[in-house]
Amino acid sequence: KLYEDAKVEAEGIAADATKGLDAFISGFPIKRPSRASIKTMRWYGGFTEKLGDGARLNIIVKNPADVDKVYNEINKKYPTTDPDLRRLNENTELGYPKRLIEVRTSNGVIAEMQVMTPQAYLAKDGINVNKTLQKLN
């Protein structure tokens, strides 16, 4: 229930940050408990509060300028000095913008949001891209 609630909160943050933009919020199911357990043990020494992508989503916008706009908006409204929260502002190997923001939700769970263009999404995941592109057109 914690991760479901965190996901709903993250979706609200994403919706607020994309108001007025042509954007699509790509929901994922929360991370499967078996995968979350493995990842927590391997990467975080068993500390579940460090799991950053149990609640996660992608924010797909049409162009790099909107990627930066959304990233900056969330970063401004949810600043952090928490070393457990990642903020990545970089490009993929193919030169597409990739912005990753982790926020600590009100129940203490970290939620991960990635902001990218459809092209970056295709290069990253290649899954259900046609559906995403159709929703943006």
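A salt bridge is a side-chain nitrogen of Lys or Arg within 4 Å of a carboxyl oxygen of Asp or Glu. Keep that rule at hand for this tour of a predicted model. It gives a count of 11 salt bridges.

**Stop 1: Asp82 and Arg104.** Select both side chains. They form a salt bridge, at 2.9 Å from N to O. Asp82 sits in the loop between H3 and strand S3 (87-91), while Arg104 belongs to strand S4 (residues 97-104), so this pair ties together parts 22 residues apart in sequence.

**Stop 2: a network.** Now select Asp16, Lys19, Glu73, Lys76 and Lys77. Salt bridges with shared partners join these residues into one network.

**Stop 3: Lys77 and Asp16.** The closest N and O atoms of Lys77 and Asp16 are 2.6 Å apart, in a salt bridge. Lys77 is in helix H3 (residues 64-77) and Asp16 in helix H1 (residues 2-17), so the bridge ties together parts 61 residues apart in sequence. Color by accessibility here. Lys77 is partly exposed at 41%, and Asp16 is partly exposed at 30%.

**Stop 4: Lys69 and Asp66.** Move along helix H3. How far apart in this helix are Lys69 and Asp66? They are 3 residues apart, or about one helical turn. Their side chains meet in a salt bridge at 4.0 Å, N to O. Compare the two ends. Lys69 is partly exposed, with a relative accessible area of 47%. Asp66 is at 11%, and it counts as buried because the cut-off is under 20%.

Key. Residues are numbered from 1 along each chain as its sequence is written. This is a predicted model: local features need pLDDT of at least 70, side-chain atom pairs count only at pLDDT 80 or more; totals for chains, interfaces and linings use all residues. Side-chain values use heavy atoms; hydrogens and water are left out. Helices (H or I, at least four residues) and strands (E, at least two) are DSSP runs, numbered from the N terminus. Buried means under 20% relative accessible area, exposed over 50%, partly exposed in between (1.4 Å probe, protein chains only).
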